[in-house]
Amino acid sequence: MQFLGYRATRREFLRIFAVIGGAIGTVGSAGACAPASAPPPTQAPVPTQAPAAAKPTAAPAVTQAPAAAKPTTAPAPATQAPAKAASGGTVRLTLTWSPQRADPHNHQTSADYVILANIYDRLVDLDPKNLSPRPGLATSWKAANDTTWEFKLRTGVKFSDGTPFDAAAAKKNVERQMESASTKPFTNKFESVEAKDAETIVIKTKTPYAQVLYNLGVPQMGVISPAAIDKGKEWLSTNAVGSGPFVLKEWVAKERFVLERNPNYWGPAVKIERALFRVVPDENARLAGLKSGELDVIGDPPVPTVKALESDANLRVLKLPVARTYFFMYQMGDPIISNLKVRQAIAAAINRKALVELVSENLNRMANTLLPPEALDGEGANPQLAIEYNPDRAKALLAESGVNLSGKPLKMIPDMTVVAARDTAQAVQEDLRKVGIGVEIVLLEQAKINETLAAHQYQIAPSSWQTADPDSALNKIFSERSPWPWANHHNAEFERNVDKAATIIGDAERRAAYKEIFRYLLQDAIYLPLYHKNAIVGMSKKVEGLRWSPLDFALLSEVSVAG
Amino acid sequence: MVPFVVGRLLALGPLLLAVSIIAFLVLYLSPGDPARLMLGENVTPEGVAQLRRELGLDQPVHVQYGMFLLNATRGDLGRSYSTAQPVTVELARRFVGTLRLSGLAFGLAVLIGIPIGVLTAVSRNSWLDHVVRVLVLAFVSIPVFWLGILLMYLFAVSLRWLPSSGDATPVHVILPAVALSTFYLGVLVRMVRAAMLEVLQEDYLRTAYAKGLMARTVVIRHALKNAMIPVVTIIGLQIGSLMTGSVLTETVFAWPGVGKYMIDAVFTRDYPVIRACILLFAVSFAGVNIVVDALYSYLNPQIRFATHR
C-alpha cells in the first residue's frame with residue numbers, strides 16, 4: 001500500500017490496526033470489569049421485625065414485578081390491620097437535589113423530606129389537600145387552657161426496631177426537637193413537655209400559640225425511636241428508625257436511597273415492596289432515564305420537553321400544587337423603592353398573566369397573594385386583590401411619584417430555584433423598560449445571594465418562600481425581627497399585629513387577623529406576588545397513587561406499580 | 001532513580017502543609033456562612049449560633065487550623081458538615097469512582113490517540129491526515145455535557161443498549177468514559193502528530209532506514225520513543241486534570257466522582273470536604289509529576305546519565 005508515507009506493506013498496516021483494535025477491546029473490557037467501588041459507607045441494616053400475623057406474600061422483586069391483585073379494601077386508618085397481600089414491585093424515583101442527613105431534627109434540606117416523611121410519622125398529620133391538622137401518632141388533642149395542650153397518643157404502635165411508641169418516647173422526641181437547631185423555629189414557643197400517663201403528653205407554650213398543631217405536623221418534627229435517639233446524632237445521619245409506612249433499607253449519602261415496605265405499619269397497607277431513589281442532578285439525564293424505562297418517576301423534567309412528555313403514550317406529567325410562592329421582595333430602605341407609587345407602578349407594569357402562560361408555559365400558577373389560594377378561606381384566590389396589568393397607569397404613577405429614574409437601573413437579584421427563573425427575570429426587565437424603569441439583573445450563587453440581600457445591596461429580589469404557615473412567612477420575610485431581615489421593612493403596627501395574630505386561639509378570629517395583615521401587605525405593595533409553584537412530575541403510566549404534600553415532597557404510602 | 005523518587009516523595013510533606021495552610025486561609029476569608037446555609041429556611045439566630053458552636057466555627061482561626069492539623073496527622077479529615085459522615089470514607093469512595101471513570105477515559109484517549117497521531121504524522125497530508133484533523137477539531141470543541149446527553153439519547157433511549165446514568169453496574173461506566181475521553185483524545189492526537197513530525201526529520205532515522213530496518217521498527221522504536229517526551233508531559237497534565245474530577249460528566253451521568261463532590265461542597269461551604277479535596281488534588285498532581293519525571297529518565301538516557309554524575 002502506498003498511501004502512507006513510509007511504504008508500509010498491507011500486512012503491516014493490518015497488523016497495526018489489529019493491535020489498536022485489540023487494545024481498545026482490552027481496555028474496554030477492563031474498564032467494564034473494574035471492581036465495584038470502595039466498600040459502602042458503614043450503616044447498620046435496619047433490624048427486621050418479629051413476624052406479625054399475615055405477612056404479605058408478594059415476591060420481593062428488584063425490577064418491576066408483575067403486580068398481584070390489589071388489596072380489595074383499604075383498611076380504615078384507625079385500625080391497625082397488618083399488611084394484607086400487597087401488589088409488590090419497585091418504584092424508581094429521582095431526586096434533583098441531594099439529601100444530606102437522615103435525621104429529621106437536624107439540618108435538613110427539603111430533598112430529605114421526600115425520604116424521611118415516608119419513614120417517620122409525626123404526632124400530628126397534615127392533610128395533603130389543605131394542610132389542616134388530623135390525627136397522626138396523636139389521635140386527639142385539646143387545649144386545656146390558652147397555653148396548655150394535651151395530646152392522646154395512638155396505642156399499639158411500634159417502631160421498626162421493636163421499641164414501643166408511648167408517652168415517654170413522645171416526650172423524648174419533643175425534647176430533642178426543642179434542642180435541635182433545625183426544629184427550633186417550630187418549637188421555640190414551647191415551654192415544656194410532660195408525660196401525663198403512658199398514653200398522654202402535655203405540651204405547655206410560653207404564650208398562647210395556636211400554631212402548635214401545625215408545627216407538630218411538619219416533616220422536620222418526625223418521631224424517632226427512643227432507642228435510635230440514644231445511638232447519637234451521627235448514627236442517625238445515615239440511619240432511620242421510625243414508625244411510618246416505609247423502613248429505610250439503604251442510605252448512600254448523596255447517591256441512592258432504598259425504602260422497603262414496613263410490614264408492621266399501623267396505617268393502611270402499603271402496596272409497593274420497595275422505593276428506590278437516585279440522585280440525578282441533570283434534567284436531561286432524568287428525562288433519558290424516564291424514556292428508556294430505567295426510571296418510573298422523575299421530578300423537574302426540562303421545561304421545553306413537558307409538552308412532548310404529555311403526548312407520550314406511556315408517560316404522563318403531573319402538575320401538583322405546592323405551598324411555595326415566588327414574589328418580589330423589595331428593599332424597603334432604598335430611597336427609590338420606599339416610594340409607594342414606584343412600587344405600585346412596578347406592579348401595574350408587569351404582565352403577570354403572560355409570565356405564567358408564556359414564560360413559564362403554564363407550569364406555574366399565577367399568584368395574587370403570598371399565601372396559596374386555598375389558605376385563609378380562599379383569601380389567596382380573592383379576585384378583589386388581583387393586581388391589574390396597566391402599563392399606562394404605571395407610567396402615570398411613575399410621573400406622580402416624583403422620582404427620577406433615568407440612568408439609575410434598579411438592581412434585581414433573582415432566586416434561581418424556580419421554574420423559568422431566568423426567563424422570568426428577563427421578561428420582567430422588558431416589561432419595566434417599556435414604562436421607563438431600567439432593571440439590572442444580577443445572577444449570583446446562593447451563598448452570595450444571602451449575603452447581598454442581608455447587606456441590603458439590592459432593590460428588587462424575586463424570592464421563593466414556603467408559605468404554608470402565615471405566621472412563619474410573615475415573621476421570616478417581612479418582620480424586622482426576622483433572622484433574615486432582608487426586606488428592611490419597619491412598621492411597628494405591623495409587628496404588633498403579627499404578634500397578636502399568633503396568640504389568637506380561635507380559628508375564625510385568627511384567620512380574620514391574618515387576612516387583615518396580608519391585605520395591608522398587598523395594598524401597600526410591600527411585595528409583589530408572581531407565581532405559586534407547582535411540582536412538575538413526569539412518570540410512567542404504570543405508577544398510580546402518587547400524592548404530593550404542599551410542603552413539596554412525595555407521599556408514597558398509596559403508590560402502586562402495574563406490571 | 002530510586003533516591004530521586006524517594007527525595008521527591010519526601011518533599012510531599014512540606015508541600016501538603018503549605019497547601020493546607022493556603023486552603024484554610026482562603027476558606028476562612030471567603031464569604032458565606034456554612035451554618036446559615038445548612039439551616040436554609042429554618043434559620044433562627046439561636047440555631048445558627050448553636051450550629052457554629054457544634055462545628056467549631058466560633059473558634060479563632062489558628063485554633064481551628066491546629067485542631068485540623070492534629071486530626072489530619074491521625075488520618076481524620078473531619079466530618080462533612082452536610083452529611084456528618086467521615087470525609088475520608090466519602091472521599092475514598094468518590095475517588096475510586098473518579099479513577100474508574102477517568103481510567104477508562106484516559107485509556108481510550110491514549111490507546112486510540114497515540115496510534116492515530118503516529119499514523120497522521122507518518123502519512124502527513126494524506127486523506128487520513130485531513131479527516132483526522134477535522135475530527136480532532138470537532139472533539140476538542142464539542143462540550144462534554146452536550147456530547148454526553150447526545151450519547152445518552154442515542155445509546156440509552158433510542159437503542160437501549162446502555163444505561164443512561166448512575167453507576168449501578170460495570171457497564172454504566174462506558175457512556176461517561178467515552179464522552180469524557182473525546183477532548184483528551186483530540187489533544188493527544190495533535191500533540192503526538194506534532195512531536196512525531198519533528199522527530200521524523202532527524203538524521204538518525206535516515207541511518208536507521210539505511211541500516212535496512214523495517215519502516216515499522218524505525219517509526220515505533222526509534223522515532224516514537226523520542227517523540228514521547230513532550231507527549232508524556234501532556235499526558236501527565238491530562239491525568240492530573242482527569243483525577244481532579246470531571247464535574248460536567250459526573251453531573252450529566254449522575255456519576256459519583258470527586259469533581260461533583262467538591263463543587264457541591266463549595267456551594268454549601270462544606271469546609272472539611274473542600275480542604276480534603278484540595279489536599280487530594282495536591283497529592284494527585286505531585287504524584288503524577290513524580291511519575292512523569294521518572295519516565296523522562298527512562299525515555300531519554302541523556303537525562304538518566306545526567307542525574308547520575
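The model is predicted, so local features need pLDDT of at least 70 and side-chain atom pairs count only at pLDDT 80 or more, while totals for chains, interfaces and linings use all residues. Residues are numbered from 1 along each chain as its sequence is written, chains are lettered from A in the order in which they are written, and side-chain values use heavy atoms, with hydrogens and water left out.

**The contact between the chains**

- Chain A brings 68 residues to the contact and chain B brings 66 residues, where contact means heavy atoms within 4.5 Å.
- About 5900 Å² is buried between chain A and chain B, and carbon and sulfur atoms give 59% of that area; buried area is the accessible area (1.4 Å probe) that two parts lose on being put together, summed over both.
- Between chain A and chain B there are 5 salt bridges, each a side-chain nitrogen of Lys or Arg within 4 Å of a carboxyl oxygen of Asp or Glu.
- A salt bridge joins the side chains of A:Lys233 and B:Glu54, at 2.6 Å from N to O.
- Several elements of chain A each supply at least two residues of the side that touches chain B, including helix 1 (10–32), strand 10 (274–279) and helix 15 (446–454); helices (H or I, at least four residues) and strands (E, at least two) are DSSP runs, numbered from the N terminus.
- Helix 1 of chain A gives the most to the side of chain A that touches chain B, with 10 residues.

**A:Thr325**

- A:Thr325 lies in strand 12 (residues 315–330) of chain A and is buried, with a relative accessible area of 1%, where buried means under 20% relative accessible area (1.4 Å probe, protein chains only).
- The side chain of A:Thr325 reaches the backbone oxygen of A:Leu370 at 2.6 Å.
- Leaving aside residues up to four places away in sequence, A:Thr325 touches several residues, among them A:Ala367, A:Ser463, A:Trp465 and A:Tyr531.

**Helix 15 of chain A**

- The buried residues of helix 15 of chain A are A:Ala447, A:Ile449, A:Asn450, A:Thr452 and A:Leu453.
- These buried residues pack against strand 12 and strand 16 of chain A, together with helix 2 (34–39) of chain B.
- After helix 15 of chain A comes A:His456, whose phi is positive, near 60 degrees.

Notes:
Buried means under 20% relative accessible area, exposed over 50%, partly exposed in between (1.4 Å probe, protein chains only). A polar contact is a pair of N or O atoms within 3.5 Å; within protein, one must be able to donate a hydrogen and the other to accept it, and residues adjacent in sequence count only if both atoms are side-chain atoms.
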